[in-house]
Amino acid sequence: MHRFILLNWQPFTAMLKIAFHSLYAHPLPAGHRFPMEKYELIPAQLLHEDIITQDNLFAPHPADEATILLTHDADYWQRMKNLQLTEKEIRAIGFPLSAKLVEREIRICQGTIDCAMYALQYGAALNVAGGTHHAFANKGEGFCLLNDFAVAANYLLQQKMVRKILIVDLDVHQGNGTAALFAGRDDVFTFSMHGQHNYPFHKEKSHLDIGLQDGTTGSEYLAILNDTLPRLIDTVRPDVVFYLCGVDVLATDKFGKLKLTMDECAERDLVVYTLCKKHGIPVAAAMGGGYSPKVKHIVNAHCNTFRIAKDVYGL
Ligand SMILES: [Zn+2]
């Protein structure tokens, strides 16, 4: 609450706020398959291209425990915080557990909360990390420990800042943790469009799932999105959209199995932002996955999302 009051006291100069902390690029063992360096390269590229200045960036604080516990089970959180997760649990997460990693995760959660609040104020905001949609209330997997979208959604609802949230999860992997966390809820609508035959192989049930076949092209993908998203916005009527803009939909991706070009991936972002802007809906975005062998493909695709958000919302 304290932080929200501070935000409101800022002079009203609309700008694109971007959550970034030096801990986002967490050191991993040599040869680890997660491209952690992207978290440093994205803000560097945006600054280099003069798309943003340092003023756009803010370093999120760690989310507080009461906020995390609105979403996650106390036992899971306590064991994570005390570095007491089992070997099996840590293996499912895929990162070595350390105090720095836990601090990183709770700063990412707060970054998404802050982005949601900045989006309510300015129209759009983006977290350079986050989109950890494979984390459940009581377990993590697939490089996700805590579910930042769920933490932020539950916080905004508890604070009565919004009444209805639409999660648009366009990462190539199903948002299984998010789906499970909001099953049966009518204040958060979960939409996941993903590769049907990709990880996670056991899918949870979102409010709306669209499972794509391997080899789906960009034009097929965009036709489905253009058909689905306007109808969803009309029926759900959200106060805010949380957008998970994973770039593992690219044809270059090692794991994605879809066939989107760089331009089609940017077109996807443009569809989401243009439609939300047209309906006056704020958008908070988090990056999610991306596993193209050349990191420049990952970084360029993510940077396109920032460019488009800035252009569409005039920030
Ligand atoms: Zn993914």
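**Close-up views of the predicted model**

Figure 1. Elements covering the buried residues of helix 10 include strand 3, helix 9 (218-236), strand 7, strand 8 and helix 11 (295-313). Contact means heavy atoms within 4.5 Å, and buried means under 20% relative accessible area, exposed over 50% and partly exposed in between (1.4 Å probe, protein chains only). The structure is a predicted model, in which local features need pLDDT of at least 70 and side-chain atom pairs pLDDT 80 or more, while totals for chains, interfaces and linings use all residues. Residues are numbered from 1 along each chain as its sequence is written, and side-chain values use heavy atoms, without hydrogens or water. The buried residues of helix 10 are Cys265, Ala266, Arg268, Asp269, Val271, Val272, Tyr273, Leu275 and Cys276. Glycine 280 follows helix 10 and has a positive phi, near 70 degrees. Helices (H or I, at least four residues) and strands (E, at least two) are DSSP runs, numbered from the N terminus.

Figure 2. Two strands pair if DSSP finds at least two bridges between them.

**Figure 3. Strand 3 and its partners.** Strand 1 (residues 17-19) and strand 3 (residues 124-127) run parallel and are joined by 3 bridges. Within this pairing, isoleucine 18 has leucine 126 of strand 3 as its bridge partner, and alanine 19 stands opposite asparagine 127 of strand 3. Strand 3 also pairs with strand 8, in the parallel sense, over 4 bridges. Here the bridge partner of alanine 124 is valine 283 in strand 8. Strand 3 is covered on both faces: Ala124 and Leu126 are buried on one side, and Ala125 and Asn127 are buried on the other.

**Figure 4. The zinc site.** Asp171 (OD), His173 (ND1) and Asp248 (OD) coordinate the zinc ion at 1.9 to 2.1 Å. The spacing of these donor residues in sequence is D-x1-H-x74-D. Aspartate 171 and histidine 173 are both buried. Donors are N, O and S atoms within 2.8 Å of the metal (3.2 Å for Na, K and Ca); water is not among the atoms, so sites may look incomplete.

Figure 5. Rings of Phe, Tyr and Trp (its six-membered ring) pair if their centres lie within 6.5 Å, and planes under 30 degrees apart count as stacked, over 60 as edge-to-face and the rest as tilted. The count by this rule is 13 aromatic pairs. Phenylalanine 34 and phenylalanine 143 form an edge-to-face pair, 4.9 Å centre to centre with 70 degrees between the planes. The two residues are 109 residues apart: phenylalanine 34 lies in the loop between strand 1 and helix 2 (38-48), and phenylalanine 143 in the loop between strand 3 and helix 7. Both phenylalanine 34 and phenylalanine 143 are buried. Phenylalanine 255 and tyrosine 291 form a tilted pair, with 5.3 Å centre to centre and 55 degrees between the planes. Phenylalanine 255 belongs to the loop between strand 7 and helix 10 and tyrosine 291 to the loop between strand 8 and helix 11, so the pair ties together parts that are 36 residues apart in sequence. Phenylalanine 255 counts as partly exposed at 27% relative accessibility, whereas tyrosine 291 counts as buried at 9%. Ring pairs link Phe34, Tyr39, Phe95, Phe143, Phe255 and Tyr291 into a cluster.
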